[in-house]
Amino acid sequence: MLSGTAEVAELAARACEMASFDAKAVTLAGVQVLQAVFEMDWAARQAVLPPGLHPTNPPIVTFLAWQVPDSPWGSFTMAQARAGCRSGVRPRGFVAGAVNDNPAAAAALAGGWGLPGVAGQVRLQRWYDAVELEVVVGTATALRLVASRPVPLRLGDVQYTVTTSLALTPRGLRLVQSEPEYAMDRVERVQPRLESFDPSAWGEPALAPTTPVAATVGTGAVTLPPLRYVSRPEVSAFEGTEPVR
Amino acid sequence: MQFGIFFEMSTPRPWGGDVERQVWHNALEQARVADELGFDWVWAVEHHFLEEYSHCSAPEVVLAAVAAQTTRIRVGHGAVVCVPEINHPIRVAERAAALDIVSGGRLDFGTARSSTWTELGGFHADPEQTKQTWDEFVRVLPRMWADGPLAYEGQCFSMPERNVLPKPLQKPHPPMWVTVTSPGTELDAAERGLGCLGVAAAGYAEQERRTREYHRRIQSCDPVSSVVNDQVTTLNFLYCHEDPAEAARTGMGMVGLFGLANSHLLWTREAYPTSAYQSLGNLSPGAGADRSGPADPHGIPEGIVVGDPDRIAAVIGRWESMGLTGINFLLNAQEVVPQERVLASMRLFASEVMPRFKREPASVGAR
């Protein structure tokens, strides 16, 4: 059984900070959600994960973007680059890097749910036959992705994987399990194509997407529920999972 | 009630040295022992690229060796992936017929369409098309096995008039099965007159409902050939030991390890959203069993064939009461159970449990 080999101390440098686990549920309405899956370079499959997580076969990277028209922190658009993995037996997406165009929203997501997000420009543009995601950090284009040829899906056909991310919490450095609930009104599958990708701009130079698999784009409500579990990043989830209450 | 053993060729890391040779050697020895003990089938899966979970990518080779080393037990090709990017249907027909001849007419032929992105993506197969290609395969294969040449124009392949050779020893062809993972696939099997080769254990109540519906539907099926196979089997684990505590310790260790490896596969639905794959794939056998039901005093969930002979007989009796005609057993996972203990478990099962069940040959009849 393969496990991650990343140095936890190095990953900790990009962990966000949480003062408590007390965030109340927040529902975001009218969110446009893009989730794009690519296979990832096998050489990196363990290098991007802490020892407490296990890579999938084949390794995958998922780009997840939310365009949120309104929230308690104003409108925002955020994007995450996540390495597909398992925590014990559970499917997870480990946040290798994230960008948010609204500093207040970024701070709230980090402090409440352990979801990191550096400042940058995130543009999620939808046309009738395609969708484009562009992420810029400083002067670097972290990502430009185009997905086209939409095929309608039933709402139950899409699986949004639970997010896990590294945060400095009141219990120390932990993998924080964020479980957004998606109530989508409409979802389509689209075929993604990477036009530009700069792993360093995401803060994870080892991240290397290769073959496109599939993407979905849809609109609906996203609820961020209170946190339930965290785990220690250096050991298996069977050993290191802790309920937060 | 019939009993089979089921090979995944689960192979633990590290892969240096001769670990794969050892896994194959152990499996072949288990097949010989199963033949001697009165088991009914040796099944071998077809999987590709599934590190540690299953290295059984050439089951026809494994089964040819099994056939050569046994005299009585049936060999189950369980199951051939009916996706043209992975297996051309003509080659499938040829290999199966050859295996039937080599085994002396002991072949059971399973069909499947793969559940993982790891496999489908590895062959650049389109997940949206696999149900259709599977349907085309199961309809054309019996025609290839029939006497005489065949010309075919289909959706996933075509061929000018040719005589596909050799022809199988069993006439008109070996019993055909469908592996059933997603709920509803048992109805696809029933409607085509195909046996239901369960590889995802449902809970008792769900299995009973699905089996009853299968038996009802197959009465009015439109079979893909002149024979109907109305057998229903499920997949389970087997670890039998006189001491129930030891049975639980070793058996549940195997169950847990298999489930862990299973959970690390990349299921099609997770990577490629589609209505063509409604479930996450083949649940770890037993994972679908009713865990809310009472576990035994040693913590073995109900429905799992692990325990002392009395417990195992009771569990199998419950499965049999639902209309199942057979159970296939995984005997090991990543070699976590030493080979001598696997063989001892098989021998104890054969001497203490098998005789408690009425054993009848399969009913595969002309229609």
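1. In chain B, the bridge partner of B:C196 in strand β10(B) is B:V232. Two bridges join strand β8 (residues 195-198) to strand β10 (residues 232-237) of chain B, and these strands run parallel. Strands are DSSP runs of E of at least two residues, helices are runs of H or I of at least four residues, and both are numbered from the N terminus. Two strands pair if DSSP finds at least two bridges between them.

2. This is a predicted model, in which local features need pLDDT of at least 70, side-chain atom pairs count only at pLDDT 80 or more, and totals for chains, interfaces and linings use all residues. Residues are numbered from 1 along each chain as its sequence is written, while chains are lettered from A and ligands numbered from 1 in the order in which they are written.

3. The strands β1-β2-β3-β4-β7-β8-β10-β13 of chain B form a closed barrel of eight strands with parallel pairing. Helix α6 (residues 185-192) of chain B packs on the sheet and touches β7 (176-180) and β8 of chain B. Contact requires C-beta atoms, placed from the backbone, to lie within 7 Å.

4. The contact is made by B:L28, B:A31 and B:R32 of α1(B) and B:A65, B:V66 and B:Q69 of α2(B).

5. In chain A, A:G112 lies in helix α2 (residues 103-113). The C-alpha atoms of A:G112 and A:K24, 88 residues apart along the chain, are separated by 8.2 Å.

Methods:
Two residues are in contact if their C-beta atoms, placed from the backbone, lie within 7 Å. Axes are lines fitted to C-alpha atoms, for helices over the stretch in contact, and angles run from 0 to 180 degrees between N-to-C directions.
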